[in-house]
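Subject: Handing over a structure

Dear colleague,

I am passing on to you the structure that we talked about, and below it you will find my notes on it. Please keep it open while you read, and look up each residue as it is named.

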Amino acid sequence: MVSEEKYSFSSTLPIQVLVRTIGEEENEWRAFDRGPGYFHFPGDCEVGVQVKTIDDAILERLVDEIAGCPVLVSLNLAENRKVTDEGIASLTKLPRLTELNLSSCDITNRGLQSLRGLAHLRRLNLSYCNRLTDEGIKSLKSLNRLVYLDLQGCVKVSNGGLVHIRRKELIIHR
C-alpha cells in the first residue's frame, strides 16, 4: 500500500537527489532530480543526496536544508576533499541516515567520533580517508546496526585495529 503522506525539502545547492522504494535493496537508487530546487517525494520512497565540490561551510548549509526530511536515509559526500572533521560534526542533525559515503574526505579520528550519534547507520564508506588510524576506528564500535564498512585505502588501519569492531554481521571491505 502506498502512503498518502508526502515529504519534501528544498536546497539552494547543486545536489543530485536519488530515490528508491522503501524495502528495496541498498543499491537500487534511481536518479530523481538535480538541485537547486524544491523536491517532493511520495511516502513510499527513501531519499538519498549526493553532492560534489563542497567544503565544511557548504556541508553545514546542506545539512540544515535537508535535516527536516524524515525519508532522507543516504548521503554521499565522496571525494569532497575540503570536508573535514568540523563539517561532518553537523551530520548529527541527520540521525535517520542508514548510508553514508565519506570516501576521500579529509577526516581524522576525531571526526569519526561525530558519527556515534548516527545510530541507524548500516553502510559506511571511509575508503581513502588515509588519516584514519586503528585508534579512530574504535569509535565505530557503538554503531551496532552497521553491516558494511569500506576501509579500502585506509593504510593506517591494521587488521589488529579491526579486532575492536569486528562482529559476525559486519562486512569490512579492505
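The notes below go from the whole chain to the sheet, and then to some single residues.

This is a predicted model, in which local features need pLDDT of at least 70 and side-chain atom pairs count only at pLDDT 80 or more, while totals for chains, interfaces and linings use all residues. Residues are numbered from 1 along each chain as its sequence is written, and side-chain values use heavy atoms, with hydrogens and water left out.

The chain has five helices and ten strands, where helices (H or I, at least four residues) and strands (E, at least two) are DSSP runs, numbered from the N terminus. Its radius of gyration is 16 Å, close to the 16 Å that the globule rule gives for 174 residues, so the chain is as compact as a globular protein of that length; this radius is taken over C-alpha atoms, and the rule is 2.2 Å times the number of residues to the power 0.38. Taken along the principal axes, the C-alpha atoms fill a box of roughly 50 × 35 × 25 Å. Of the 174 residues, 49% count as buried, a word that stands for under 20% relative accessible area, with exposed meaning over 50% and partly exposed lying in between (1.4 Å probe, protein chains only).

Eight strands form an open sheet of mixed pairing, in the order 3-2-5-6-7-8-9-10, and two strands are said to pair if DSSP finds at least two bridges between them. Strand 3 (30-34) and strand 10 (171-173) stand at the edges, each with a single partner strand, so one side of each has no neighbour in the sheet.

By contrast, strand 7 (residues 99-101) and strand 8 (residues 123-125) run parallel and are joined by three bridges, with E99 opposite R123.

In helix 1 (residues 56-66), the residues D56, L59, L62, V63, E65 and I66 are buried. At the start of this helix, a side-chain oxygen of D55 reaches to within 3.2 Å of the backbone nitrogen of A57.

Finally, the structure holds zero disulfides, a disulfide being a pair of cysteine sulfur atoms within 2.5 Å. For C105, the nearest cysteine sulfur, that of C129, is 5.8 Å away, and C105 is buried, with a relative accessible area of 4%. The sulfur of C154 is 5.7 Å from its closest cysteine sulfur, in C129, which is too far for a bond, and C154 is buried at 2% relative accessibility.

Definitions and conventions. Polar contact = N/O pair within 3.5 Å; in protein donor to acceptor, adjacent residues only side chain to side chain.
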